[in-house]
2 protein chains.
Amino acid sequence: MDERMAPCERIGNTGAASTKYDIVIIGAGPVGLLLSTCLARWGYKIKHIDNRPEPTKTGRADGIQPRSLDLLRNMGLKPAIMEHGPAKVYEVAFWDPSPTAEGIHRTGTWASCPSFIDARYPFTTLLHQGLIERVFIADLEKNGVEIQRPWTIKGFRTDEATDAEFPVEVNLEHVEGKGKETVRAKYLFSGEGARSFVREQLNIGIKHKDPIAHVWGVMDGVVETDFPDIKMKCTIHSEHGSIMVIPRENNMVRLYIQIASSTDKDWNPRKTATEEEVQNSAKKILQPYNIKWERVEWYSVYPIGQGIADKYTLDHRVFMGGDACHTHSPKAGQGMNTAFLDALNLAWKIHHVEAGFADRSLLHSYESERKLIAENLLNFDAKYAALFSQRPPAAKDVAAATEQCSNKDDEGDENQFIKTFKESCEFTSGYGVAYDPNSLNWSPSHPAQSEVINPKGNRLRTGRILINSDVTRVVDANVVHLEQEVPVNGSFRIYVFAGNPTLTNQAIDDFAQNMSKKSTFFTAYLRRDIETVSHHERHNPHSHFLTFCVVFATKRSSIEISRDVPKLLARYRDNIYADDIWDQRVPDAKAAAHAKMGLNQEKGGIVVVRPDGYVGIVTSLVEGSGTVDALNEYFSAFCSKKLGEARAQL
Amino acid sequence: MDERMAPCERIGNTGAASTKYDIVIIGAGPVGLLLSTCLARWGYKIKHIDNRPEPTKTGRADGIQPRSLDLLRNMGLKPAIMEHGPAKVYEVAFWDPSPTAEGIHRTGTWASCPSFIDARYPFTTLLHQGLIERVFIADLEKNGVEIQRPWTIKGFRTDEATDAEFPVEVNLEHVEGKGKETVRAKYLFSGEGARSFVREQLNIGIKHKDPIAHVWGVMDGVVETDFPDIKMKCTIHSEHGSIMVIPRENNMVRLYIQIASSTDKDWNPRKTATEEEVQNSAKKILQPYNIKWERVEWYSVYPIGQGIADKYTLDHRVFMGGDACHTHSPKAGQGMNTAFLDALNLAWKIHHVEAGFADRSLLHSYESERKLIAENLLNFDAKYAALFSQRPPAAKDVAAATEQCSNKDDEGDENQFIKTFKESCEFTSGYGVAYDPNSLNWSPSHPAQSEVINPKGNRLRTGRILINSDVTRVVDANVVHLEQEVPVNGSFRIYVFAGNPTLTNQAIDDFAQNMSKKSTFFTAYLRRDIETVSHHERHNPHSHFLTFCVVFATKRSSIEISRDVPKLLARYRDNIYADDIWDQRVPDAKAAAHAKMGLNQEKGGIVVVRPDGYVGIVTSLVEGSGTVDALNEYFSAFCSKKLGEARAQL
């Protein structure tokens, strides 16, 4: 397929009669929906089925982490989420048996996302999964994708010999047998949840990291209570048992009660409890406070173990993600968030392979990146549980740890508690995701070797998200969140931190000049329709795979785009910024965004951010061809063509 | 009517056949819609007609000031406005004939809402009036109000003798004569715009402050241009004429061109120009830059003078607001914003009179308050025009003025330019509205006389809006905007700034205790259904006219509501806050909200804010009955009953 063919140009091959799809997606939970939403926006043809007759009505996952809210905003879906008036959890409260009186007392509170994490939204957003699903479904409908319900998958096989372009055959069936379809696709994705037919068929095992399994009771309802923390997330230990409280939208509250544990003497994974039994347990646990239920919206009992699939794919045509790959306790509220990031990670890689930008081997990084995160999550889950299993830390320890985390970069003399505290905050906020070095995430062992890479002072870490910063857009003087300025459009984001324009003028010109040469990462993948692109196109006037931003370390009013920005970059006129907004985290910096990233405020630097928001590589901005040469080498590591010097010499 | 009858209890008397309404509203532009929306939410029965077959399709007013955006957020309508992706104007650019070359050059820019104004949204929001109207219409529909279109008013008369409760008779007619109705109402409101039938019938004159009238051409369209400030608000003077540029949603831009002025030798108020002529003028004016139109969405030519109605009402039954009362040039973008505030001012006063809280004379303050604002606006408009008529101020003058406004409270040695600059920023942002002293806005001549009133250090000004501040809500640790926490619910907002609880404990108890006595502003107007109010009711558990907030000058985690807050105030558990968020404007304050208001951080104080957000009175928080006594006197000045001591001694 022509690498310059725009996804939006490819949409022509629709038609209800066709049985060929770019992808078949099984399951319309968070992972399937986010994948579908991205690929639909980028012009792919999707068959998306779900075995339920309608979206989730009640209950299920409901926690959106700070980092996931960033992502939803970046996809333009945050307003629709917030419209439902979700609960926001800023702090977790810990309650223990009172040493001096009957019943429980509060031992302290812990910020969900303490100030040492530079988050835009330092809270967890709680909203019933069905409302979140509907936000995606509404977006999919705008792009012509309808979930086919209630349909299920009955079989599939990959067979490149029969059809190399659409190698996967999938058999689908109405759950009541009212219809059957056999379709062909380039990819099949299972977002089926813990009981994945696809995973079973592939004979992929689940490894249980933690041998301890639990039975949980979970109840959503509206209560009347004098328990003072009913609108906070609470972990409550009492002599009558333990409970977790999570506030919800519409005055609701969710209670998790552990009904059985495989450490119990009479362990029975089928042990259950009635709604009334759970309410009576809760009443005892919450003494001396009172609680009564006005109504129960949802109640469920389910056994859960910590498990992780051995593989996420066998052939890089049939993939899995979300709960099909990893299950864990609901305590840390990670399920939906991990699912979102699985989907985002896969979405852009499929896009870059199918649109011809990346080599097919890029797809291998889906499993290696995402399985590591699931493993870290499971390890963390165990550590987090241990940290609180007996006695929660005293409020003063938490305060001291928060203080210490805020004040130092140096991690040398942290004690174990502070380390675990920091890790757990990063984990529960979603800011802890860190991908290992590979072709996308530069490290000293990456094929790209140049002294311009990873300049001195750089505080960005490859494989982690871009640090947040506020800047002023030049054309309209709007103060904006730089990390949000490029939407989830499937493009790499090339941030030219341009320092002081009087000093970097030549380097910026050289950057644009060298990028324009033959066979660079820029020119090798130009849009086929480049001559007819509308002047209103903001992010992708030249390429579907790259969006440029330029950030000057100077006052907005002193920037004249026609004078200071070479023509190629000036085409991204709406993505040109002044780094002139004061930031409390770097109060003395002249250019706060430069300073936060650790880039020289005079000389600037280049930051390449992957389409999913993770930093790929950071270079200095030098006169001559050095910067572009380094980026050509970086992109050559996973692109479908050899770029730059390597290519030019062929 | 029983003063304790809740508006929501009154809604019973609907029924299509009924011809009696609380209010008949003529015109569904901004002023009519905001009035209708408030009264519908508060349970009033409304007949709302408009003579257009559908809402505004294109063009018309489109500027929402910072302060108006606060109001829309407070009404819960901001997300629906922002969903349309409006343009945001942060700066105004000034262009003049270039002294050195052909064509125009930029002489400087000016922040729409400079940092010395403590605004949440320091920008003007630009969105086509029809989209704004639809947001209100959707809200009205939720409350069962539908605009009757296309209908018009044919006559009306006020006649208390025939029906004292519904004294206004109104004759309505379909614009094509397809139907007639005669209805009776308590009130009639004209939001008809500049050509008001009601105003003409009442024989109310228009005074023209400024004898100069203008003919304006206004064009909304999508353009292609290399003019660098096309996404900013611009005032452009050239030797070929003058133009104003205003960015819009969906890549549109609005141009205002002055076609004729009554100062012209050949002045003709009917002078016009074709679309092409205006475009050709714009092309000449913008040289050396190029501009061409891809499409024109709306084009109109209209004469406009600066005018103000002599009266806003004759009998306090038939009222007018918006353009029916005041017309001015579109340059400062004030029309819709002034209309909103007219409507809000009238809405709660009608509510308080009809629901029995306030004496009918409260309605007199509508005209006195709003006419003053319109007069100030017209005066400002003239000054603003003069300030820029010849040569705009140099960029360095503006920078110096901004600096000076930020740095000083003392207004003693300001020069005229700085004073006008400050005033104009306050005006264009909407933060400049200041109502004169009257029974609502305390001053030394108010009947309430007590040494607890207007405590030393107080920085709040009666008749001006509450200063913005961030606080932490105690029950859920959410960081919130204090001034937004009580919605536009028709209630006075009583903020108990509670200082240091260990010092104010007795004073707070005394406050609650004394309020609970017979015939106070609190007990005299309790809800009739107080025994059956849901425990979920957040803002109005006791009264429809009062909502309480308590703000402690201490850390959230140290506040225990059951211990620190008397039962009466603890009922407002969701409105109890910790003043523990750092604020850049008072960097050294321990309790930033207290400090910004100028209230003692140890001893606190009470701030009474009117239902429309303007400060009514500020008192200290003292032990004993002093604070409640002062508030009883304050409310006695406009309430329907004598309160407190005065009453108790009867």
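**Terms and cut-offs**

Analyst: Ser469(A) has a relative accessible area of 2% and is buried. This is a predicted model; local features need pLDDT of at least 70, side-chain atom pairs count only at pLDDT 80 or more, and totals for chains, interfaces and linings use all residues. Residues are numbered from 1 along each chain as its sequence is written, chains are lettered from A and ligands numbered from 1 in the order in which they are written, and side-chain values use heavy atoms, with hydrogens and water left out.

User: Why is Gly191(B) called buried?

Analyst: Its relative accessibility is 9%. Buried means under 20% relative accessible area, exposed over 50%, partly exposed in between (1.4 Å probe, protein chains only). So Gly191(B) counts as buried.

User: Which residues is Gly191(B) in contact with, leaving aside its neighbours within four places in sequence?

Analyst: Contact means heavy atoms within 4.5 Å. With those neighbours left aside, the partners are Ile26(B), Gly27(B), Val31(B) and Gly321(B).

User: What makes strand 6 and strand 16 of chain B edge strands?

Analyst: The open sheet has seven strands in the order 6-5-13-14-15-12-16 (chain B), with mixed pairing. Strands are DSSP runs (E, at least two residues), as are helices (H or I, at least four), numbered from the N terminus. Two strands pair if DSSP finds at least two bridges between them. Strand 6 (104–111) and strand 16 (291–304) of chain B each have a single partner strand, so one side of each lacks a neighbour in the sheet.

User: How many bridges join strand 5 to strand 13 of chain B?

Analyst: Four, and the two strands run parallel. Phe94(B) has Thr235(B) as its bridge partner in strand 13 of chain B.
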